[in-house]
Amino acid sequence: MTTGTVRKLSARASRDDDGTWTIEIPELTSTTPSGATIVATGSALNYRGISKAAYDLAAVWLDVAPHDVDVDVTIEAPDNIVDLIKQSKTAAAEADAAAALADRLRREAVRELRAKGYSLEAAGAILDVTYQRVQQLAS
């Protein structure tokens, strides 16, 4: 059955111990006679198959063609890996901030040296950078 409208859904995929992937679409559920909720769940043999499996799962669940759904899949990682990624992003942001501060301080040092009459060559020797770099910092 084709509805003519595209339904947007969110899915999550997680890697199983055997290397396969489990896909869940929390928005698609049904209730068993006993009252338990069943979430639409499928699988993929490898990472490359996740998107197709998610689209097929949604289409079968909703009884529509795969092109009638748009499934955004989030790949989940173990908590310790997520923590490492967060730490990595924090460290990168801190490094960027430190590099920006270092650049500002070098520019300030060049301005002060130049204001005191130091040549570009002398400023470069003091900062341990090339004459060309001192020119850049001075501009």
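## Architecture

Helices (DSSP runs of H or I, at least four residues) and strands (runs of E, at least two) are numbered from the N terminus. This is a predicted model, in which local features need pLDDT of at least 70 and side-chain atom pairs count only at pLDDT 80 or more, while totals for chains, interfaces and linings use all residues. Residues are numbered from 1 along each chain as its sequence is written, and side-chain values use heavy atoms, with hydrogens and water left out.

Helix 1, which covers residues 50-62, lies across strand 1, strand 2 (21-31), strand 3 and strand 4, and runs at about 15° to strand 2. Contact here means heavy atoms within 4.5 Å, and angles, from 0 to 180 degrees, are taken between the N-to-C directions of axes fitted to C-alpha atoms, for helices over the stretch in contact.

An open sheet is formed by 4 strands in the order 3-2-1-4, with mixed pairing; two strands pair if DSSP finds at least two bridges between them. Strand 3 (37-44) and strand 4 are the edge strands, each of them pairing on one side only. On average, neighbouring strands of this sheet are turned by 35° against each other, direction ignored.

Between strand 1 and strand 4 the pairing is parallel and extends over 7 bridges. Within strand 4, V73 is the bridge partner of A11.

## Nonpolar cores

A nonpolar core is a set of buried Ala, Val, Leu, Ile, Met, Phe, Trp, Tyr and Cys residues joined through side-chain atoms within 4.5 Å, where buried means under 20% relative accessible area, exposed over 50% and partly exposed in between (1.4 Å probe, protein chains only). The largest such core has 18 residues, and L9, I23, I25, A58 and V71 are those with the most contacts inside it. At least two residues of this core come from each of strand 1, strand 2, strand 3, helix 1 and strand 4, and helix 1 gives the largest share, 6 residues.

Leaving aside residues up to four places away in sequence, V71 touches L9, A11, A54, Y55 and A58. There is also a second, separate core of 7 residues, which includes V110, A123, L127 and L137.

## Salt bridges

The structure holds 7 salt bridges, each being a side-chain nitrogen of Lys or Arg within 4 Å of a carboxyl oxygen of Asp or Glu. One of them joins R12 and E76, whose closest N and O atoms are 4.0 Å apart. This pair links distant parts of the chain, 64 residues apart, since R12 belongs to strand 1 (residues 7-15) and E76 to the loop between strand 4 (69-75) and helix 2 (79-115). Both ends are partly exposed, R12 with a relative accessible area of 32% and E76 at 38%.

D103 and R107 also meet in a salt bridge, at 3.2 Å from N to O; because they are 4 residues apart in helix 2, about one helical turn separates them. D103 forms a further salt bridge with R133, with 3.0 Å between the closest N and O atoms. As D103 lies in helix 2 and R133 in helix 4 (residues 131-138), the pair ties together parts that are 30 residues apart in sequence. R107 is partly exposed at 26%, as is R133 at 24%, and a network of salt bridges links D103, R106, R107 and R133.

## Along helix 2

A115 lies in helix 2 and counts as exposed, because its relative accessibility is 68%. From A115 to L101 the separation is 14 residues in sequence and 21 Å in space, C-alpha to C-alpha.
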